[in-house]
Structure formats: C-alpha cells, structure tokens
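Open the model in your viewer, keep the selection tool ready, and follow the stops below in order.

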Amino acid sequence: MMGCADREMGRVVSTCVRALAGWSAALTVFITTSHAAGVSSVMARSPLVEAGRYHVDTLRSQIVFSVSCLGTSQYRGLFSGVYGDLQLDPQNPEKSHVALKLPLASLATTAVDVSRMLRGENWFNAKAFPIAEFVSTEIHSNGASMATVSGNLTLHGVTRPVTLRAHFVGAGQNPINHSYDVGFEAQGTIQRSAFGLTNAMVAVGDDVTLTVSGVFEKDE
C-alpha cells in the first residue's frame, strides 16, 4: 500500500513540476484595489443597470482555481462550461440571488496528464460527481461596486458554506447579438479537505483560491 502511495505522490510531484513551466501568467485573475477603483464609477450609476432575471453566458464565463504546489508556487487550472442564473436587483442587492453549476469534466490545465489525473477518481472523480454547484444564501453590499456573496457549495458530494468577495465589472448591450449583459468577478478560498479531496496533502496545499468570472445575459 505504501508503495502505491509513494508512486502516486511521485506522479503528482513530477507532473505538477512539469506543468508549471508552461502555464501562462495571463490566466491569473485577481481582484485588486486598483481595479475596484476603476469600476466604482461605473457601478455608481447602478440605477442604469437593469434589474431582472439573467442566465449565464457560458462562452464568456469561467472559474480559475489556484493551489500551492510543493510549497514553492501556485498551480492553476480552469473550469469552463459554467451555467446557471442570476436574479438581479441593483437597487436592493440583498434581494439578488445567483446559482451556478459547472461540469467538472471541463477541468483543464496546461498538462494533459495533470488534467486527466485531477478529473480521475483519486481527485475530483468527475464521473461519480459530474457537477459542482454554488447557490447563494445572502448578498451584502459593501459599497458602490463590491459585495459579499455567501452561499453553499456542493463539490465531490459534500456541501459546505462558502463566502465570495464580488465586484461589478460592467453592464450594457452586447454589440454582437444585442443582448443586455452584466458582468461580475468574485473570489474566495475553500479547504479542499472539507470536501473530501485529501489526496497528496503533503505535496498539494489544502487552501484553494477560486476566481469566478461571470457574464450574465438578460432573459427576454
């Protein structure tokens, strides 16, 4: 048994190190003070943001995860194919509600072997638990462009409370299909062990930072 564990650990370490060299820094999406200041003037015109029901624009929405690898770097991956809906009330943000789902089979990194391993039964086990879901329970406005979004995240068959720090990016008519769109970004940290993801804890960190880039298209 120890020999199998050692081999598994070796595969994690070697593939992690190889993949780090090819990862593009452009994939990193951080919520920064300077960016928040840049969008504050937009959100200050919140009466112009249309209230109503929206659905996720799957093509432009994504979730990036970041986790410590060997204690010397952050390893990142991407989930795509996000879908769900948003009930938006710009004048009363606490009355808004968001629900998101993402197919775990969409997980991708810059290394094919790492992506396949993470989707496998020793990690996310995407075949047994194909969908992760976040459903908001409370939204609290923190000013003109910021909000705290609390909710429940179901991942790997386990549901735990999660808090996201969100900011408004922009809203307006899509010049391509003329839909009315609104965009947000949000970031939060979870402990993977709380969801039963406990493989290779020595090599891979427990804290996982999630960055959500969500674009929502208003329902007609």
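Begin at the largest cavity, whose lining residues fall into 28 nonpolar, one polar and two charged; here Ala, Val, Leu, Ile, Met, Phe, Trp, Tyr, Cys and Pro count as nonpolar, Asp, Glu, Lys and Arg as charged, and the others, Gly among them, as polar. Select F65, F79, F124, V208 and L210, which lie nearest the centre of this cavity among the 31 residues that line it. The space inside the largest cavity comes to about 500 Å³.

Before moving on, note that this is a predicted model, in which local features need pLDDT of at least 70 and side-chain atom pairs count only at pLDDT 80 or more, while totals for chains, interfaces and linings use all residues. Residues are numbered from 1 along each chain as its sequence is written, and side-chain values use heavy atoms, with hydrogens and water left out.

A cavity is a set of points, on a 1 Å grid over the protein atoms alone, where a 1.4 Å probe fits but cannot get out, whereas a pocket is an open set with protein on both sides within 12 Å along at least five of seven lines, and lining residues have an atom within 4 Å of a point. Grid points are joined across faces, edges and corners, and a volume is the space filled by probe spheres set on the points.

Next, turn to the largest pocket, with a volume of about 490 Å³. Select I139, A147, V149, A166 and F184, the closest to the centre of this pocket of the 30 residues that line it. Strand β8 gives the largest share of the pocket lining, four residues, and the lining as a whole divides into 21 nonpolar, seven polar and two charged residues.

Now select H156, found in the loop between β7 (146–155) and β8 (158–173). Is H156 buried or exposed? H156 has a relative accessible area of 16% and is buried, a word that means under 20% relative accessible area with a 1.4 Å probe and protein chains only. Leaving out residues up to four places away in sequence, H156 touches W123, F124, N125, F129, F195, G196 and L197, where contact means heavy atoms within 4.5 Å.

Move to helix α3, residues 112–119, and colour its buried residues, V114, S115, M117 and L118. These residues lie on the same side of α3, because they cover an arc of only 165 degrees around the axis, the arc being that of the directions from the helix axis to the C-beta atoms.

Finally, zoom out to the whole protein, which has three helices and 10 strands; helices (H or I, at least four residues) and strands (E, at least two) are DSSP runs, numbered from the N terminus. Along the sequence, these elements follow the pattern α-α-β-β-β-β-β-α-β-β-β-β-β. Of the 220 residues in the protein, 44% are buried.

How values were computed:
Buried < 20%, exposed > 50% of the residue type's maximum accessible area, 1.4 Å probe, protein only.
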